[in-house]
Amino acid sequence: MAEITVQVEFSGGMELLFQNVRKHTVVLPSQKPNSSDPATLQELIFYLRDYVMTDKKDLFVHKETVRPGILVLINDVDWELCNELEYVLKDKDEVVFISTLHGG
């Protein structure tokens with residue numbers, strides 16, 4: 001099965017949930033599990049939750065999507081303009097997660 005490589009970055013405090021590392025290179029299957037459908041942003045989010053996060057997974061994912069207050073950019077474009085969770089991942093995509101919630 002073919003694979004895709006996605007560059008992932010966390011900012012605005014999100015990196016604290018991911019071993020305090022801002023940038024990750026993630027290699028995923030190019031298709032959804034048990035399907036011929038292409039991998040989407042939702043598969044990337046689940047992969048990050050299940051294999052990259054160390055704890056406090058509820059601070060990143062709520063139900064089937066990212067929590068409110070997290071801005072998602074796909075190749076520097078707001079994910080709301082890219083079909084959100086259904087965005088089909090491509091090799092060398094760059095996905096950024098930015099927390100807009102800050103204490104103070």
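**Charges and fold in a predicted model**

Arginine 22 is partly exposed, with 40% relative accessible area (partly exposed lies between buried, under 20%, and exposed, over 50%, with a 1.4 Å probe and protein chains only). The model is predicted, so local features need pLDDT of at least 70 and side-chain atom pairs count only at pLDDT 80 or more, while totals for chains, interfaces and linings use all residues. Residues are numbered from 1 along each chain as its sequence is written, and side-chain values use heavy atoms, leaving out hydrogens and water.

Now for the overall fold. The protein has one helix and seven strands (DSSP runs numbered from the N terminus, H or I of at least four residues for helices and E of at least two for strands). Along the sequence, these elements come in the order β-β-α-β-β-β-β-β. With a radius of gyration of 13 Å, close to the 13 Å from the globule rule for 104 residues, the protein is as compact as a globular protein of that length (the radius is taken over C-alpha atoms, and the rule is 2.2 Å times the number of residues to the power 0.38). Along the principal axes, the C-alpha atoms fill a box of roughly 45 × 30 × 25 Å.

What about the surface and the interior? Of the 104 residues, 38% count as buried. The protein exposes about 6200 Å², and carbon and sulfur atoms supply 50% of that area (Shrake-Rupley method, 1.4 Å probe). Taking contacts between residues at least 6 apart in sequence, 56% join residues at least 24 apart (contact means heavy atoms within 4.5 Å).

Valine 96 gives a local view of such packing. This residue is found in strand β7, residues 94-99, and counts as buried at 14% relative accessibility. Leaving aside neighbours within four places in sequence, valine 96 touches Glu9, Leu71, Val72 and Leu73. Aspartate 76 is 20 residues from valine 96 in sequence, and their C-alpha atoms are 7.9 Å apart.

Next come the charges. The protein has 10 positive and 17 negative charges, with mean positions 4 Å apart (Lys and Arg are positive, Asp and Glu negative, with His and chain ends not counted; each charge is placed at NZ of Lys, CZ of Arg, CG of Asp or CD of Glu). Side chains of opposite charge can pair when their charged atoms come close. How many salt bridges are there? The count comes to three (a side-chain nitrogen of Lys or Arg within 4 Å of a carboxyl oxygen of Asp or Glu).

One of them joins glutamate 9 and arginine 22, at 2.8 Å from N to O. This pair links distant parts of the chain: glutamate 9 is in strand β1 (residues 3-11), and arginine 22 sits 13 residues away in the loop between β1 and β2 (23-29). Glutamate 9 is partly exposed at 21%.

Another salt bridge pairs arginine 49 with aspartate 50, also at 2.8 Å, N to O. Here arginine 49 is partly exposed at 22%, and aspartate 50 is partly exposed at 39%. Lysine 92 and aspartate 91 meet in a salt bridge at 3.4 Å, N to O. Lysine 92 is exposed, at 64%, whereas aspartate 91 is partly exposed, at 41%.

Glutamate 15 lies in the loop between β1 and β2. Glutamate 15 is buried yet has no salt bridge, and arginine 22, the nearest side chain of opposite charge, is 5.4 Å away. Beyond neighbours within four places in sequence, glutamate 15 is in contact with Phe10, Asn20, Val21 and Arg22.
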